[in-house]
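Please open the model in your viewer and keep the sequence panel beside it.

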Amino acid sequence: MSNLPAIRLRLFLLPIVCLSLLIASACGSKNDDQPLIPYGPVNLSLNITNQQYAALRMDNGAVTLPVKGPAGDGGVKGVIVVRQSQGVYLAFERNCPYRPYDACALVSLDRNSHLFMRDSCCNSQFDLRGQITGGPTPRPLKQYSTSLQGTLLNITN
């Protein structure tokens with residue numbers, strides 16, 4: 001008889017705990033609803049003194065790089081490189097994280113301002129750090145590693 005209050009407490013708490021777990025798993029994250037961007041090899045080297053990369057000589061300057069070669073070494077749909085500050089560069093996959101298997105899921109620099117990136121297919125928007133600023137995308141842009149050795153910027157995954 002002395003265990004009766006403990007049993008009643010457990011019987012009372014059990015449905016609450018189960019309901020909490022059910023709600024937590026049902027809600028989940030909206031990231032689970034979208035497939036991940038497929039893998040594409042990235043192994044790029046840019047001499048930032050070349051004229052075609054002149055935008056990378058100033059803060060918030062950015063350039064768009066295509067997928068190169070038959071095997072591709074520039075990601076899935078190419079790479080956008082952004083200079084944050086002197087010696088600090090960020091590189092992002094151009095494949096939009098929202099419905100990445102859609103043919104039109106391609107992120108580009110805003111043509112007018114060059115101050116943000118946008119996917120014209122779904123209208124997802126990203127700042128120059130690859131973070132979401134608008135649209136339906138559940139994830140920020142996929143980021144690649146960068147390292148600067150003298151004037152050579154290496155971008156890899």
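This is a predicted model: local features need pLDDT of at least 70, side-chain atom pairs count only at pLDDT 80 or more; totals for chains, interfaces and linings use all residues.

## The whole chain

Residues are numbered from 1 along each chain as its sequence is written, and side-chain values use heavy atoms, with hydrogens and water left out.

Colour next by secondary structure, where the chain shows one helix and ten strands, in the sequence order α-β-β-β-β-β-β-β-β-β-β; helices (H or I, at least four residues) and strands (E, at least two) are DSSP runs, numbered from the N terminus. Of the 157 residues, 33% are buried, that is, under 20% relative accessible area, whereas exposed means over 50% and partly exposed lies in between (1.4 Å probe, protein chains only).

Select residues 88-93, strand β4, which is largely enclosed by the rest of the structure because five of its six residues are buried. β3 and β4 form a hairpin with two residues between them, and G87 in the turn has a positive phi of about 85°.

Now centre on A91 in β4, which has V81 opposite and Y144 of β9 as a bridge partner. Strand β9, residues 143-149, runs antiparallel to β4 and is joined to it by two bridges.

## S45 in strand β1

Move to S45, in strand β1 (residues 43-47), which at 44% relative accessibility counts as partly exposed. Which residues is S45 in contact with, leaving aside its neighbours within four places in sequence? They are L152, L153 and N154, where contact means heavy atoms within 4.5 Å.

## The largest pocket

Finally, select C104, L106, S108, L109, D110, R111, R118 and S120, which line the largest pocket. By class, this lining has three nonpolar, two polar and three charged residues, where Ala, Val, Leu, Ile, Met, Phe, Trp, Tyr, Cys and Pro count as nonpolar, Asp, Glu, Lys and Arg as charged, and the others, Gly among them, as polar. A pocket is an open set of points on a 1 Å grid over the protein atoms alone, where a 1.4 Å probe fits, with protein on both sides within 12 Å along at least five of seven lines, and lining residues have an atom within 4 Å of a point.

Technical notes. Two strands pair if DSSP finds at least two bridges between them.
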